[in-house]
Amino acid sequence: SIVPRFETEKAELNFGSVRVGETAERKFFLKNNGLYEVNYRIDLKNRDYKSRFTISEMKVVLNAGEERPIPVKFKSSSGWEQVTSNDTTGIVLLILEGKSPQVRETIPIRVNVKAVYSQYSITPVRGINFGPMQYGENKALSFEIR
């Protein structure tokens, strides 16, 4: 049997808050506790997951007693928030029957991620007013971006 092991206690891939356009990587581990080799496949269920998540090892064979890390990368080009349960996740681990493509067991991989834009504020809040000026006159004002 294959047992997934996560870096967090909640048994999920917790990416936390990630800035839009940046890449975050988390990993989970798969261990084959059985006596025989096991084939598995990881599926991304929908287009949202396929466009934001990258898993380098989608289909692998685990020998008896072998444990393997599975890195998962997240990158979003827009704001997006996802906290999944076992029923709503878009990433599933499929345990295959021997060398056939028949699925023996399905294990959901829960995800917690929030893609956010950088937040900033400009001071002063209103436009910068230089007041009345003559042609060719120079005047400097400053503003802050936080």
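1. Ile55 stands opposite Val72, a residue of strand E7. Strands (E, at least two residues) and helices (H or I, at least four) are DSSP runs numbered from the N terminus. The model is predicted: local features need pLDDT of at least 70 and side-chain atom pairs count only at pLDDT 80 or more, whereas totals for chains, interfaces and linings use all residues. Residues are numbered from 1 along each chain as its sequence is written, and side-chain values use heavy atoms, with hydrogens and water left out.

2. Strand E7 covers residues 67–75 and runs antiparallel to E5, to which three bridges join it. Two strands are taken as paired if DSSP finds at least two bridges between them. An open sheet of four strands is ordered E1-E3-E7-E5, with antiparallel pairing. Strand E1 (2–6) and strand E5 (53–55) stand at the edges with a single partner strand each, so one side of each has no neighbour in the sheet. On average, neighbouring strands of this sheet are turned by 30° against each other, direction ignored; the axes are lines fitted to C-alpha atoms.

3. Val72 has a relative accessible area of 0% and is therefore buried (buried means under 20%, exposed over 50%, partly exposed in between; 1.4 Å probe, protein chains only). Leaving out residues up to four places away in sequence, Val72 touches several residues, among them Leu13, Phe15, Phe28, Phe53 and Ile55. Contact here means heavy atoms within 4.5 Å.

4. The largest nonpolar core has 29 residues, of which Phe15, Phe28, Tyr40, Phe53, Ile91 and Leu93 touch the most other members. Strand E10 (residues 103–116) gives the largest share of this core, five residues. Such a core is a set of buried Ala, Val, Leu, Ile, Met, Phe, Trp, Tyr and Cys residues joined through side-chain atoms within 4.5 Å. Beyond four places in sequence, the contacts of Phe28 include Pro4, Leu13, Ile42, Val72 and Ile109.

5. Arg52 lies in helix H1 (residues 47–52). Its relative accessibility is 11%, so Arg52 counts as buried. Apart from neighbours within four places in sequence, Arg52 is in contact with Lys73, Phe74, Lys75, Ser76, Ser78 and Trp80.

6. The count of salt bridges comes to six, each being a side-chain nitrogen of Lys or Arg within 4 Å of a carboxyl oxygen of Asp or Glu. Arg68 and Glu66 form one of them, with the closest N and O atoms 2.8 Å apart. Salt bridges with shared partners join Glu57, Glu66 and Arg68 into one network. Asp43 and Arg41 also meet in a salt bridge (3.2 Å, N to O).

Technical notes:
Axes are lines fitted to C-alpha atoms, for helices over the stretch in contact, and angles run from 0 to 180 degrees between N-to-C directions.
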